[in-house]
Amino acid sequence: MISLILAKKILSLFLVMALGIVLVRCGIVRSRDSKVLSMISLYLVMPCVIISSFQVKYQPEILNGLLLALATAVLLHLVLIVVVGFLGKVLKLDGVEETSLIYSNAGNLIIPIVTAILGKEWVIYTSAFLSVQLFLLWSHAKMKLCGEKGIDLKKILTNINMIAIFAGVLLFLLQIQLPAPVQDAVDSISSMVGPMGMLILGMLIAEMKKLMSYHRLWWITLLRLVGIPLIGIVLLKYSGLAALVPEGRTILLVTLLAICTPSASTLTQMAQVYGKDADYASAINVVTTLLCIVTMPLMVALYQM
């Protein structure tokens, strides 16, 4: 049942992507105009998503679940960084390929998907995964993409998305609720995360002419959609972590959904902003997004067996 609801939600997001293609093909906008939307997504929509996810009533059970989700997210990312780092040396992967394997499109897809299949009350557990991934995106991934030798901790901690995480945690722990008009505005903007990510992707697809020229694209796609999720299933299903808290199995399902999503569209947006190989990053994002409608329900079914 969850797999069917998941497939339905992904299909609805695909329709938004199709609209992005239509806008470009009809000459209303150009593919490069998506860079502006990428900036808005990175620096406005995502912070609102993070803060909104923490606006829930404090309960000890929720805090314990958050700690489990956070520990699991850290463990998974560390394992993936080590495994993909080893594969990178063996297969001679470049920065775009390595980061596309490690980092999923959880930022754009996980919240609308979790809301659709589990309910809004489970969205808070996505914030743990997003917090870990955002920190690593703006440190490890940025270093890999830009060829930087070290990590600028000041830049990471002053990034608007990291500030949003700190603010969200503080509001949650102190049980400070945003004023109603502010909350409505934050919720309205955060609801744009899935559609905007898919719209940007559609605009990029519309003028993508050399998709088939990337010979390693299909191997990267197979690893991203099948290999990486299988590692996650083994860790989440057989580690015994689900028994640590009530509803632990469902909390870990949220984490699994996060790693089963396509490659991170944020990588494409970052590549655009920093002038790196955005075409290849978007090609990986496109193909993994097109095929995830099949692989994500299958991975969820494997986890539930």
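Predicted model: local features only at pLDDT ≥ 70, side-chain atom pairs only at ≥ 80, totals over all residues.

Two packed helices are described by the angle between their axes and the distance between the axes.

**H11 and H14**

- H14 covers residues 278–304, and its axis lies 9 Å from that of H11, at an angle of about 35°.
- The crossing of H11 with H14 is right-handed.

**H2 and H8**

- Helix H2 spans residues 34–53 and helix H8 spans residues 160–174; their axes come within 8 Å and cross at roughly 20°.
- Because of that angle, H2 counts as roughly parallel to H8.
- H2 and H8 also cross in a right-handed way.
- H2 brings Leu-42, Tyr-43, Met-46, Pro-47, Ile-50 and Ile-51 to the contact, while H8 brings Ile-160, Asn-161, Ala-164, Ile-165 and Leu-171.
- In this contact of H2 with H8, ten residues are nonpolar, one is polar and none is charged.

**Salt bridges**

- How many salt bridges does the count come to? The count is three.
- Side chains of opposite charge can pair when their charged atoms come close.
- Glu-97 and Arg-216 form one of these bridges, with N and O 2.9 Å apart.
- Glu-97 belongs to helix H4 (residues 95–102), and Arg-216 sits in the loop between helix H10 (193–206) and helix H11 (217–238), so this pair ties together parts 119 residues apart in sequence.
- Glu-97 is buried, at 2% relative accessibility, whereas Arg-216 is partly exposed, at 32%.
- Lys-144 and Glu-98 form another bridge, with an N to O distance of 3.4 Å.
- Here Lys-144 comes from helix H6 (residues 124–146) and Glu-98 from helix H4, so the pair ties together parts 46 residues apart in sequence.
- Is Glu-98 buried or exposed? Glu-98 is buried, with a relative accessible area of 9%, while Lys-144 is partly exposed at 34% relative accessibility.
- Arg-30 pairs with Asp-33, and the closest N and O atoms of this bridge are 3.6 Å apart.
- Arg-30 is partly exposed at 43% relative accessibility, and Asp-33 is also partly exposed, with a relative accessible area of 26%.

**Thr-266**

- Where does Thr-266 lie? Thr-266 lies in helix H13, which runs over residues 265–274.
- Thr-266 counts as buried because its relative accessibility is 13%, below the 20% cut-off.
- Leaving out residues up to four places away in sequence, Thr-266 touches Leu-42 and Leu-137.
- Leu-42 is also one of the H2 residues in the contact with H8.
- Between Thr-266 and Asp-94 there are 17 Å in space, C-alpha to C-alpha, and the two are 172 residues apart in sequence.

Technical notes. Residues numbered from 1 in each chain as written. Heavy atoms only, no water. Axes fitted to C-alpha atoms, helices over the stretch in contact; angles between N-to-C directions. Helix = DSSP H or I, 4+ residues; strand = E, 2+ residues; numbered from the N terminus. Parallel < 35°, antiparallel > 145°, perpendicular 65-115°, else oblique. Left-handed = near helix turned anticlockwise from the far one by under 90°. Contact = heavy atoms within 4.5 Å. Nonpolar A, V, L, I, M, F, W, Y, C, P; charged D, E, K, R; others polar. Salt bridge = Lys/Arg side-chain N within 4 Å of Asp/Glu carboxyl O. Buried < 20%, exposed > 50% of the residue type's maximum accessible area, 1.4 Å probe, protein only.
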